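Hi,

Here is the structure I promised to pass on.

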Amino acid sequence: IPALLAKQERRVGHRWLGGQINEYGLHTAQATSGFISALTCAASAPGSKYFNSVELVEPLQLAIAYMLKAQHADGTVDYYATNFHSNPDMAFILEVVCPACQLLRAHSVPAYQALAGELGKFITRGAEGLVTGGVHTPNHRWVVCAALAWANSLFPNPRYVARADEWLAETIDLDPDGQYTEKSTTVYSPIVNQALINVARLLNRPALLEPVRRNLEMTLYYVHPDGEVVTEASRRQDRYQRGSMARYYFSYRHLALHDGNGRFAALCREVERNARAQIGELAAFLTEPELRRPLPPDAPLPTDYAKVFSYSSLARIRRGARSGTILANNTTLFSFRHGTAALEAVRLATAFFGKGQFTADALTVMGAYHWPGNLTELVQVVSKIAATTETRMVTSTQLPMRLRDLKHWPTLAEYLLG
């Protein structure tokens with residue numbers, strides 16, 4: 001809390017008085033929403049140094065005033081990196097500040113209760129924007145639904161529920177493997193899971209727990225021996241990044257308790273052992289007392305298997321402390337873990353991070369070719385592709401015609417190019 005207070009704008013007369021300053025020196029609604037949540041939790045959690053202390057009232061007043069000033073007339077806020085007048089970014093913020101508003105309302109200190117009214121103005125303005133606004137990416141639909149569900153729980157409004165139901169009518173984008181469209185295992189899959197759980201709970205839509213359940217079951221087979229998770233098939237910014245299972249903690253705990261699922265409980269305990277410092281669910285524990293119930297007994301987690309996830313073009317092999325991932329349609333051919341040791345990628349490429357990275361289907365074709373010119377011919381083919389390709393990935397369709405299995409007679413132009 002002292003570190004957060006030190007980053008709050010406190011200069012009298014400053015345009016963004018009360019805002020939280022991010023790592024780039026900018027005052028942002030995103031950082032300030034986290035500030036509001038953290039201070040509210042600190043003032044509400046029994047055992048906290050700040051429990052029931054009025055010390056945090058003024059910083060919260062200033063932060064909420066900043067949020068109202070940063071909010072546009074249409075109820076949206078800006079995400080300075082990419083999105084302006086952004087409904088989805090407002091939805092992410094409402095997921096953070098709505099639980100804080102619930103805690104402030106229920107607080108035993110009147111000064112904190114009064115803050116709930118001001119924060120409520122921000123929430124209702126934002127929710128009004130979500131009733132008509134759109135989204136940018138698949139996961140945004142479910143985040144918007146969760147934000148509207150939270151707003152409705154605090155300020156009941158049938159328009160909020162109707163808009164959420166319009167998005168839900170599109171059906172959840174879960175493939176037969178149990179993965180969401182973006183396949184983002186350290187960022188957006190856990191975000192979607194938590195959003196759907198909150199919609200299920202707040203709007204009484206229990207059927208929404210089923211896609212979460214299926215995703216969590218699938219993800220058990222994506223876990224490395226050291227507790228990190230496979231990211232190579234992601235379509236978002238976490239692709240090839242290393243990350244723990246900590247962001248799944250809320251979802252695994254919720255369904256472990258809801259279903260009495262011992263495997264989900266075991267995964268929660270594994271996260272507690274390996275990534276406890278990364279668990280950030282205090283607001284959920286304070287607003288949802290049922291999460292504090294003891295977990296059911298552990299059931300064995302999968303540690304010896306070979307599974308193919310065809311919709312992600314990925315195969316997983318685990319043998320105790322050894323873990324392998326094999327990929328198709330990917331510039332990483334495979335990765336391997338042994339305990340905490342990691343071989344993060346094996347690639348055939350003209351430059352590791354540049355153009356001319358061969359996919360598995362290209363290598364399959366090259367492996368089947370008889371190479372009458374031996375190594376010299378291979379070098380010539382790879383060098384030509386490196387010099388002429390305009391794409392990062394090299395697939396079999398970009399190989400010379402003579403290397404490929406001919407399924408039709410080439411035209412003269414194709415033959416001359418090949």
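At what angle do helix α6 and helix α8 pack, and how far apart are their axes? Before I get to that, a word on the source: this is a predicted model, in which local features need pLDDT of at least 70 and side-chain atom pairs count only at pLDDT 80 or more, while totals for chains, interfaces and linings use all residues. Residues are numbered from 1 along each chain as its sequence is written, and side-chain values use heavy atoms, with hydrogens and water left out.

**The helix pair**

Helix α6 (residues 138–154) and helix α8 (residues 188–202) pack at about 35°, and their axes are 8 Å apart. Axes here are lines fitted to C-alpha atoms, for helices over the stretch in contact, with angles running from 0 to 180 degrees between N-to-C directions. Helices (H or I, at least four residues) and strands (E, at least two) are DSSP runs, numbered from the N terminus. The crossing of α6 past α8 is left-handed, that is, the near helix is turned anticlockwise from the far one by less than a right angle.

On the α6 side, the contact (heavy atoms within 4.5 Å) includes Trp-142, Ala-146 and Trp-150. From α8, the residues include Ile-191, Val-192 and Arg-201. By class, this contact has 13 nonpolar, three polar and one charged residues; Ala, Val, Leu, Ile, Met, Phe, Trp, Tyr, Cys and Pro count as nonpolar, Asp, Glu, Lys and Arg as charged, and the others, Gly among them, as polar.

**The sheet**

Next, look at the open sheet of five strands, which has the order β5-β6-β7-β8-β9 and antiparallel pairing. Two strands pair if DSSP finds at least two bridges between them. At the edges are β5 (304–309) and β9 (341–346), each pairing on one side only. From one strand to the next, the twist averages 5°.

Strand β6 (residues 314–319) and strand β7 (residues 322–327) are joined by six bridges. Leu-314 has Leu-327 as its bridge partner, and Arg-316 stands opposite Thr-325. Two residues lie between these strands in the hairpin, where Gly-320 takes a positive phi near 65°.

Between β7 and strand β8 (residues 334–338) there are five bridges, again antiparallel, with Ser-323 opposite Arg-337. That hairpin has six residues between the strands, and Asn-329 takes a positive phi near 55° there.

**Two side chains to click on**

Tyr-252 sits in helix α10 (residues 249–259). Tyr-252 counts as buried because its relative accessibility is 0%; buried means under 20% relative accessible area, exposed over 50%, and partly exposed in between (1.4 Å probe, protein chains only). A polar atom of the Tyr-252 side chain lies 2.6 Å from the backbone oxygen of Leu-216. Leaving aside neighbours within four places in sequence, the contacts of Tyr-252 include Leu-216, Met-245 and Phe-264.

The other one is Gln-20, in strand β1 (residues 20–21). Gln-20 is buried too, at a relative accessible area of 3%. Its side chain reaches the backbone oxygen of Leu-4 at 3.3 Å. Beyond neighbours within four places in sequence, Gln-20 is in contact with residues including Leu-4, His-27 and Phe-35.

Cheers

Technical notes
A polar contact is a pair of N or O atoms within 3.5 Å; within protein, one must be able to donate a hydrogen and the other to accept it, and residues adjacent in sequence count only if both atoms are side-chain atoms.
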